[in-house]
Amino acid sequence: MTTTTLTAPAALKSARDDFPGLTTDQGKTWHYLDSAATAQKPRAVIDAMARALGEDYATVHRGVYARSANMTVAYEAARRTIAGFIGGHEDELVFTRGATEAINLLAYSWPKKGRVLLSALEHHSNIVPWQLAGWQVDVCPLTTDGRIDLDAAEKMLTPEHEMVSFAHVSNVLGSMLDESRAAQLAHKAGAKLLLDGCQAVPRMPVDVAALDCDFYALSAHKIYGPTGIGALWGRADLLDEMPPWQGGGAMIDKVTFAGTTYAPAPQRFEAGTPAITEVIGFAAACDYVMQFDRAQIQAHEASLVAEVREALRARNDVTLFGPEASAGIVSFMLDGVHPHDLGTILDEENVAIRAGHHCAQPLMELLDVPATARASFGIYSNQDDIAALMSGIERTKRIFG
Ligand code: PMP
């Protein structure tokens, strides 16, 4: 597919019309400020998936009939598109059910389960898999403004560390990792670097070749694509060293009862009939985002973050978390109001935020709060959403006296 770079912000402004989910059943604007949980889907993704489930539907890699051969071509083209979207090569992109499964794959399949350095702001899906797979987990602290403290990481890393696994962007604080320094530190210690890119890929240009990381986890549903599909990108030489982690059809070379040999990566890690429709939708989402200049998406979200932080700070009854420069995500607490109550009242105003621990209980403990309210932006977010949020906060405050 040919892609054109539209000039934002005008292009981003009209992007809103591409998302049918941004209107309520009563035809009103839905102020959706929960894109960090999952992004709304553009018509292009919905249509591509409907076609893949309808007139184009067939299995892949198996059928001798034309429809299946065509679907196989589309499926492998989708892999190329998605890999290209993050600057990688198709042979290096393993499809998984999401970022959670991507991290599990690496935690289980990496040949030596040694020490892994995580950070205090990680999502549970970048904590629990390492624990379950038997790694020894070390935790890098944060700076006072909520970024991963790479000076501390440098002191903590030892030759025993096999892996460093950090969020590229925090799903709670929006903090952005200094990735090149993280890569340099990890590699100096002889460790590999996995970036959990769930929140970065929708919000900024990502080029794994330039990033100098070894593995990258991503999730389609955060990038305007469907749920149930994501990917682990890994350096080809490293994927080659990794044994399969799940067995079944499609991942083998030859099966006998005496023993089985396996397909090369990435197929070796993809047992069973794949999520065909979801892969097609994932690629359609990447194509959709590639219409825009991703640096402009980043600038757009940064300006919304600056605006919402300023408006919240001006109230004098809000605690703000995270650094000033954060990527499309703002966590806060309104004095005297539990985030769940705030979220419930905002819902009456057609404003959707997330309230809770955001699957980051260790971070909540560190911040010494049970939960936060979180507003997060997407390509379609605008100043009206911020105005609606602020007036909903004002109303909530009046209700709570
Ligand atoms: N890591 C981060 C930073 C996330 O925000 C999320 C989703 N909330 C995940 C991992 C899990 O991703 P998935 O839903 O694809 O399993």
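Predicted model: local features only at pLDDT ≥ 70, side-chain atom pairs only at ≥ 80, totals over all residues.

Tutor: Residues are numbered from 1 along each chain as its sequence is written, and side-chain values use heavy atoms, with hydrogens and water left out.

Student: How far is the side chain of D196 from a nitrogen atom of the ligand?

Tutor: D196 is among the residues around the ligand, as are Q199 and K222; a residue counts here if one of its heavy atoms lies within 4 Å. A polar side-chain atom of Q199 lies 2.7 Å from a ligand oxygen atom. For D196, the distance from a side-chain N or O atom to a nitrogen atom of the ligand is 2.6 Å.

Student: Is S35 buried or exposed?

Tutor: S35 lies in the loop between β1 (31-32) and α2 (43-53); helices (H or I, at least four residues) and strands (E, at least two) are DSSP runs, numbered from the N terminus. Buried means under 20% relative accessible area, exposed over 50%, and partly exposed in between (1.4 Å probe, protein chains only). Because its relative accessibility is 3%, S35 counts as buried.

Student: What percentage of the residues of the chain count as buried?

Tutor: The chain has 14 helices and 15 strands. Of its 401 residues, the share that counts as buried is 54%.

Note on methods
Polar contact = N/O pair within 3.5 Å; in protein donor to acceptor, adjacent residues only side chain to side chain.
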